[in-house]
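Welcome, and thanks for taking a look. Here is a short briefing on one residue and one chain-to-chain interface.

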Amino acid sequence: MKKSIFLGTLTVAGLLAGAAAATTLEDIKARGTLNCGVNTGLVGFAAPDANNNWQGFDIDLCKAVAAAVLGDADAVNYVPLTGKTRFTALAAGEIDMLSRNTTWTFSRDNDLKFEFVGINYYDGQGFLVPKDLGVTSAKDLDQATVCIQTGTTTELNLADFFRSNGISYEPVPIETNAEAIQQYLAGACDTYTTDASGLAATRATFEDPSAHVVLPEIVSKEPLGPLVRHGDNEWGDIVRWTLNALISAEELGITSANVAELAGGTDNPEINRMLGNEGGLGEMIGLSPDWAKNAIAAVGNYGEIFERHIGENTPIGLARGLNAQWTDGGLMYSPPFR
Amino acid sequence: MSDTHASSVAFVRETAIEPAPPPATETGLIKWVRENLFSSTMNSILTVLSILAVYYLLTLLLPWIMNGVWDASSIRECREKLDGATGGCFAVLAERWHQLVFGRYPQDSYWRPMLAFVLMFAAFAPVLFSNLPRKLLIGTALFPFVAYWLVWGGSVLVPVAVLLGFVAGYLVYSRLVDQSFAMGFVGGVVAAILFWWASGFVVTEDASFMSLPAVESRDIGGFMLNLILGVVCLSVSLPLGIALALGRQSSMPIIKFFSVIFIEFIRGVPLITLLFVANVVLAYFLPPGSNFDLILRVMIMITLFASAYIAEVIRGGLAALPRGQYEAGDSLGLDYSQSMRLIILPQALKISIPGIVNVAVGLFKDTTLVSVISMFDLVGMVRGPILASTDWNGVYWELFGFAALLFFVFCYGISQYSQWLERQLQTDHR
Amino acid sequence: MTTLTDPPQESFRLSMLLNDTRYRSYTFQFIALILIIAFFSWLINNAINNPTLQSNGVGFGFLWTSAGYDINQQPIPFNSQDTHLRASVVGVMNTLIVAFLGCITATILGVIAGVLRLSNNWIVARLMSIYVEAFRNVPVLIWILIIFSIMTVSLPGPRAFRGDDPQSSMLFDAIAFTNRGVYVPKPLYEAGSLAVFITFILSIAAIFFYRRYATKLLYDTGRLLPVFWPSIAMFFVPTLLVFFVLGRPIGLEYPELRGFNFQGGIQVRGSLIALWLALAIYTGAFIAENVRAGIQAISKGQTEAAASLGLRPNRIMNLVILPQALRVIIPPLISQYLNLTKNSSLAIAVGYMDVTGTLGGITLNQTGRALECILLLMLFYLTISLAISGVMNVYNNSVKLKER
């Protein structure tokens, strides 16, 4: 529909509008690409590099879904969205799924009518302060000036946190992460608050990251995950189980390196079911039998994605923490493939 | 010069004395300086202050520009190279120029928008300079289709089908216009729509006939996006604006009412709210599933915005025409459309040119607002991917300076052209 | 539809709807009306059938729910428990504040630059041309971002004021320029300050009446009273006298660095200053052009006539040129005010909480009520625009040259 803008609007929208009641999956297959909403630029999670290739943790989930549905991890249109435009873009059908570190909340699920299909990162809101400010706890931040990115849950958490502790603050709302960094580094605000992962990613871009610390308090629960529209459960299941496949793959020891070999057949029935040798799971979900294999081959398992973009060996340097597998004491726990 | 003559008179001057040079204070540079810079106490104070201000600005700017680093891969490397000295880090422009100019357009296809840009000048030349041969206007009419094909790619059949639709419409129009303008106009529109509908069956989506690799509109960005938005929206809004202006002047109350409501509504709200509408609200008012490109939605909104302003400018031109011109048209027995096309509009548009150019410059500048709705135009590119990257976090002046300079060159060029055009079109005798 | 002039035998035929100029306009209007109604009902029909709107409903009930976020600049008290409606009102007031400040500053800048651009001082005229061209030809959004960057990057943070040997110090120990804004002393009103105010207002009234008396005396008798110095004296002397007699009832609270920020005094936030300055300088360039055009529209003969009466150049400008030029300048000036107000919606780029930032920003975002929020936003701007144009029309009619 995008190829011919003029004909697309004149004929398709005008005359054939009634015929556009296909499911999301059919739409994507007809279109040949997945429209995936992502952050406008947060290093490690989603950011275009100098060659305009999108890279990051959230990007790889888009790639995995595209690989599972279309067999091609590059068949993705990345739609950069701000905190403000993301929900309307999803509600309006401009994107098929939103993979943009979005917090799963009650009202977003029920009032805004979205379906969160899982959690790919357990996060919490933290505070970044310069070391020489001499602050060791967020409760010392009475009357501080706080930079926040507008249009996120952080705004509400911040108000709640300061109100419940009976201290005051001065909010400085900022539109983009880049401008928040500018303000923070210039000293126009004492502290910058957003998800702790985002703070780590931001701190990594500083000239001297060691001069800044993330305060120990995590003031909120921020389960981040991909989401789709209410109303198309088949599509929701596809995204949910692609994410689960990536998580299970780590648990079962399937990596992008050995997935081709394991797909030939193993002694572990769950691996066989997942990679399409037994059980016919792909058919149940409306995809080809090798859907999970394609997804894992394209981006690797959850652990690989984590290490590649935000793990301890990257400039962002996040520890697995809560995001480790449940077998390692974390919260990553995929329902079984059965 | 004989001796006798000389001896009889003590001294006779035979030639006129050379005129003495004017006093030093009344000539050359000194006079100019005295009259233009130090003619009074107040003026002298102002002059000294101005010179100080200029000197201060130059001492700030010159070392920054002269010491600029053009070759570095990150701001840290820039700082190392500068080693504490004042200097700009222009390396960001060298490294990211393609993002600033083309956005995320595929790098191996840069020749396409470049070619379209060059063709644009060729296409506008016969419109802008009236002394060129009129035949070139055919090229101007073809340009939008060529440019669309070049920039967006895809099969050549799509723009050709649209073009042929217009041609079909025009043919029907020219058949019927002898009977009545309205009939010709409606007939032309119907013919064009029928043709497009029919061609929709021929031009299938995957037609690969003479196909350029298709480019997604969201990959179009940088200054190119500003230019595309500016040019497209202005061209479409001109006819719309004329129609609205005529509607507002019309004697038919319903037409007039709706024109006034539309113009006043659009002029009463900021462009940014209209962009929000394009971004978040418009989808509610379209059939479910018919979501077309954001860039197209934005184009529609900016076009509506510009047409309301142009309508007001042209209304001014219409109002400035003496009544006699309207009466002359009536007394010649011309009907409404004839007298408008042949007598009123040519004069009214001529009067409106400075105003239209003002709207054009304003519109072109306003295209930067699309960065607020997360489109990556020039400003959006600077605020988003470039400033957010690890390498260039903190390079403000170079990037904003570059953006300001690009816009200045274009807008100043347009306004200079309009002043030239005003002089050219001046037919009254002073 | 026939009138008395119609010959009765020429009865109405259907083709006359298209061919007869008497009826054709009705046909056109009818078709246009049908088309417009069809278009709008199509839009509304789509909206009614839209799944998102169907499930969420359309309503303004969300305005009375708790907002949950904080706003930094509050002309009226606001906390996160107040309603979205109150947040919108705070936003509206912030919009009006920046628009008001911007209009005043832009007018001052514009008039100075417009007059100086016509000055016979070469360098000043050139500088003003550069100012006007540079600001008219670069988008206002870029200027807002540049000035905001200057504010945050070039001014010192509050930390620079700390320590025994601080890097920065306060101007006169009273005003602090920081990248969070400018802190100025705040007046403290104690008992008796009312008397000072009343004296001040009375002395202003006295100046007004004295000047009117002086003018009247001049016209009636030709006697010229000194005006300037007595006015100055009346402006300052009585107020100061009362102020000191009552034992200085109005004090000043100086800003002071405590904790993270300056406390006390009035904080003019960096975002407000950046937006205000950028809008004022940008619009000032346009106003300068209007002023120049207005002055040049006055024929040279007026200047020469005034000069031949022996008036000095600044009196020529004040008494002869400007009053006439104002008639030409005011209409475009008011439309510049309108533009400035509309451009203030770009506040979102610098985090200034105007109505686009509260109602059209955070509220829209947290409630997801895009349609309702944007509708209200447009209504607000439309009201302002129509109000200002209404004032402009009244003024235009009052200064119009009364031709007879």
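**One glycine and one interface**

Gly270(C) is buried, with a relative accessible area of 7% (buried means under 20%, using a 1.4 Å probe and protein chains only). This is a predicted model, in which local features need pLDDT of at least 70, side-chain atom pairs count only at pLDDT 80 or more, and totals for chains, interfaces and linings use all residues. Residues are numbered from 1 along each chain as its sequence is written, chains are lettered from A in the order in which they are written, and side-chain values use heavy atoms, with hydrogens and water left out.

**Around Gly270(C)**

- Gly270(C) lies in helix 9 (residues 270–297) of chain C; helices are DSSP runs of H or I, at least four residues, numbered from the N terminus.
- Leaving aside residues up to four places away in sequence, Gly270(C) touches Phe148(C), Met151(C), Arg180(C) and Gly181(C), where contact means heavy atoms within 4.5 Å.

**Where chain B meets chain C**

- On chain B, 56 residues are in contact with 53 residues of chain C.
- About 4,800 Å² is buried between chain B and chain C, and carbon and sulfur atoms give 76% of that area; buried area is the accessible area (1.4 Å probe) that two parts lose on being put together, summed over both.
- Between chain B and chain C there are zero salt bridges (a side-chain nitrogen of Lys or Arg within 4 Å of a carboxyl oxygen of Asp or Glu).

Methods:
Helices (H or I, at least four residues) and strands (E, at least two) are DSSP runs, numbered from the N terminus. Buried means under 20% relative accessible area, exposed over 50%, partly exposed in between (1.4 Å probe, protein chains only).
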